Amino acid sequence: MCPARSNWRGPRVADWVTDPDPLTRLRSTGTIRSRCACILAGVCAGESRHFVVARDRLQAAAELVTAVTRRRYPDLAVPYHSRWRHFEAAGIDRHGPLRRRLLEECGGDPVAAARALVDLAVVSVLLDAGAGARWSYREADTGVTVGRSEGLALASLAGFRAGVFSSDGAQPLRVDTHALLGLEEGRLADLFQVSDDNPLVGLAGRTRLLNALGRALADHPDLFGPQGRPGTLLDTLPRDSRVSASDILQALLAGLSSIWPSGQSLAGSSVGDCWHHRLATPAGYTGIDAGWVPFHKLSQWLTYSLLEPFEWAGFAVTGLDALTGLPEYRNGGLLLDTGVLALKDPAAVSVAHAVGSELVVEWRALTVALIDEIAVQVKAALQLPRLPLAAVLEGGTWAAGRELAMARRGGEPPLAILSDGTVF
């Protein structure tokens, strides 16, 4: 079981004040990990109203993840956990031909081609939230019918190919601010084949999110250029032939923080996917960001999904493990379904919980902290000490969580979350 909190060697108060700007702190993956560690320590000390942690179940969870990884990637050449995997639904390589087409149209310029791929990744990731068990998408040219993340990916790819996200009919394979600002819910419903018999959770929220993306792109020409294209990040980030994963994440948080409709703000500024929890900071810390725990799940998922386009453009992406595990219901479900986490009140599974509720915030924080611990064991079992966390997630924790959910609940998460499609 967990060690007592008094024995925990987590972050000291001094570790929290290295940067005087609280918004900068809340955008740091170091802060995500430190504050999630604080919450884990509090839960281990019995201070939680919601969860208990069984560390003796961590090994079994890691063994399951290891087995799933070996089955899915027998050669252990595990790719990153990213949106590009969803474009490979049903074993079909869709992004390879798209990349070749873009290279041809761009005269062989890999950076120009990668700009379009970054454009695609950004809109596709922002459309990737829980779709609901009743929705599916049928791909016209292959007949593949699939739901959830893969279905959302294929629908967004079809929209990209059709120029839905471009305001220039002569250049359909791009995303720009004018197209996003003019995007209407009915157009998105048609793209996603929504009907009474095929309902998509959070359609209105997804539309608002893409409209907000259009405004954010226009508001930050320093990052996204005069046309408001996400792919302009390739040109505006500081780099030579290298770029760090943290630089990509920080650019996304700086440029896109206004789009998250969480209503969470600090000192008059939107903080996005950050939430209050009474155990989130150590005793004695009194900064104005005390009690806040950041997650930035979609921003990190987007960063993971931009790693490959940056590499395809010829840049080396460094510092991959600065990013954290994604605090969503597949990784979190893995912990509940393997018994690493248990609810103090079993009746909590029968009600829907708000995203900002203490129970959900705590579940997400525990997910971040404990996925790091599972990753250490998985890498040791695979004898791949340099395997990045992005590959552990893909191999991996997310896939194992989904398989358990499918076997136990037909794919539904272990806890019901009231979500508008912008966090989960």
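Select Glu394 and His81: their side chains make a polar contact at 3.2 Å (a pair of N or O atoms within 3.5 Å; within protein, one must be able to donate a hydrogen and the other to accept it, and residues adjacent in sequence count only if both atoms are side-chain atoms). The model is predicted, so local features need pLDDT of at least 70 and side-chain atom pairs count only at pLDDT 80 or more, while totals for chains, interfaces and linings use all residues. Residues are numbered from 1 along each chain as its sequence is written, and side-chain values use heavy atoms, without hydrogens and water.

Is Glu394 buried or exposed? Glu394 is buried, because its relative accessible area is 5% (buried means under 20%, exposed over 50%, partly exposed in between, with a 1.4 Å probe and protein chains only). Glu394 belongs to helix H17, residues 389-409 (helices are DSSP runs of H or I with at least four residues, numbered from the N terminus).

Next, select residues 358-382, helix H16. Of its 25 residues, 18 are buried. Directly after H16, find Gln383, which has a positive phi of about 55 degrees.

Residues making the contact (heavy atoms within 4.5 Å) include Ala62 and Val65 of H3 and Ile374 and Val378 of H16.

Terms used: Helix = DSSP H or I, 4+ residues; strand = E, 2+ residues; numbered from the N terminus. Expected span 1.5 Å × (residues − 1).
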